Amino acid sequence: MDEACYRRTGPGTYESTPSARGAWTPDEQHMAAATGLVVEALVEHARTDPAKRIARISLDILGTIHMGDVELATHVIRPGRRIELVETTLRTRGRTSIVARAWRLAVADTSSVAGTPVAPMPGPAHAEPLAFDEWPDGYVQSIEARTLPGRVPGSARVWLRGTLPIIEGTPTSQLARILALADVANGIAPRSTPSDGPVTFPNVDLQLHLFRDPVGAWLGLDTLQTFGPSGTGLTSSTMHDERGPFGRIEQALLVLPGGHA
């Protein structure tokens, strides 16, 4: 494995390394690694205005995220004193592969009413090591994973920890480090694996909602995966850190018997 997923080649330009490789084909990046790069760009923009925080990031996958050269561009599309919408686009081979939009909302002290009915997951110390043998190459193999009891096809509670920085020579921000693991939710409780036969289920988006900022190195995912009867599916996860839940993930799936994504 390389020491990072990307190398910076210029202002807003990068080169993917083999550590960014995806799960479905050897010629494309893993959406999780690309998400980390996009979130790092959003965090860099956010430093210009710390009075707002990221509450939602919506990433749409418009095409193959090719290995090789990557271009990022970030701009504000809805400015405001309390609410701001920021867009980052990721391009590979001259085409837009990902469009990400982040809502940034004004920071306020709401600690007196803070709370959630979602119970915390048992921490990673209570989980057993998990090997992603069904995903043998690239980004997934750089992740340390632990599973809580009860993991079955379509349902799992798993803890993940990244071992590589996103960009070579650049410290990875807390938010990018955690959210670079989020897309892996689609692979922790698969209803079908490569060993079961030629069925693929790539996600076409990644929706991240955060009601507080995560802390620590571990991302806990309480995940359910559903396949419908007509070629679509849904992976839904609650995100946890060692303090408890902090957000949600939704991923729309294209379920393909025959294995051709």
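In which strand is Thr92 found? Thr92 belongs to strand E5, residues 83-92. The model is predicted, local features need pLDDT of at least 70, side-chain atom pairs count only at pLDDT 80 or more, and totals for chains, interfaces and linings use all residues. Residues are numbered from 1 along each chain as its sequence is written, and side-chain values use heavy atoms, with hydrogens and water left out.

**Figure 1. The whole chain.** The chain holds three helices and 15 strands; helices (H or I, at least four residues) and strands (E, at least two) are DSSP runs, numbered from the N terminus. The radius of gyration of the chain is 18 Å, close to the 18 Å that the globule rule gives for 261 residues, so the chain is as compact as a globular protein of that length. This radius is taken over C-alpha atoms, and the globule rule is 2.2 Å times the number of residues to the power 0.38. The C-alpha trace spans about 50 × 45 × 35 Å along its principal axes. Of the 261 residues, 50% count as buried, where buried means under 20% relative accessible area, exposed over 50%, and partly exposed in between (1.4 Å probe, protein chains only).

**Figure 2. Thr92 and its surroundings.** Thr92 counts as buried because its relative accessibility is 2%. Leaving aside residues up to four places away in sequence, Thr92 touches Gln29, Thr64, Ile65, His66, Asp69, Val70 and Ser97, a contact being heavy atoms within 4.5 Å. A polar atom of the Thr92 side chain lies 3.5 Å from the backbone oxygen of Thr64.

**Figure 3. Arg93 in a loop.** Arg93 is found in the loop between E5 and strand E6 (95-106). Its phi is near 50°, a positive value in a residue other than glycine. At 61% relative accessibility, Arg93 counts as exposed, whereas Thr92 is buried.

**Figure 4. The aromatic pair of Phe201 and Phe227.** A search of the whole structure finds one aromatic pair. Phe201 and Phe227 form this pair, which is tilted, at 5.6 Å centre to centre and 50° between the planes. Rings of Phe, Tyr and Trp (its six-membered ring) pair if their centres lie within 6.5 Å; planes under 30 degrees apart count as stacked, over 60 as edge-to-face and the rest as tilted. The pair links distant parts of the chain, 26 residues apart: Phe201 lies in the loop between strand E10 (199-200) and strand E11 (205-210), and Phe227 in strand E12 (residues 218-227). Phe201 is buried at 1% relative accessibility, while Phe227 is partly exposed at 23%.

**Figure 5. Strand E13 between its two partners.** Strands E12 and E13 run antiparallel and are joined by eight bridges; two strands pair if DSSP finds at least two bridges between them. Four residues lie between the strands of this hairpin, in which Gly231 takes a positive phi near 95°. Gly233 in E13 is the bridge partner of Phe227, and Gly233 also stands opposite Leu253 in E14. E13 and strand E14 (residues 244-254) pair in the antiparallel sense over ten bridges, and they form a hairpin with two residues between them. Strand E13 (residues 232-241) is mostly covered, with eight of its ten residues buried.

Methods. A polar contact is a pair of N or O atoms within 3.5 Å; within protein, one must be able to donate a hydrogen and the other to accept it, and residues adjacent in sequence count only if both atoms are side-chain atoms.
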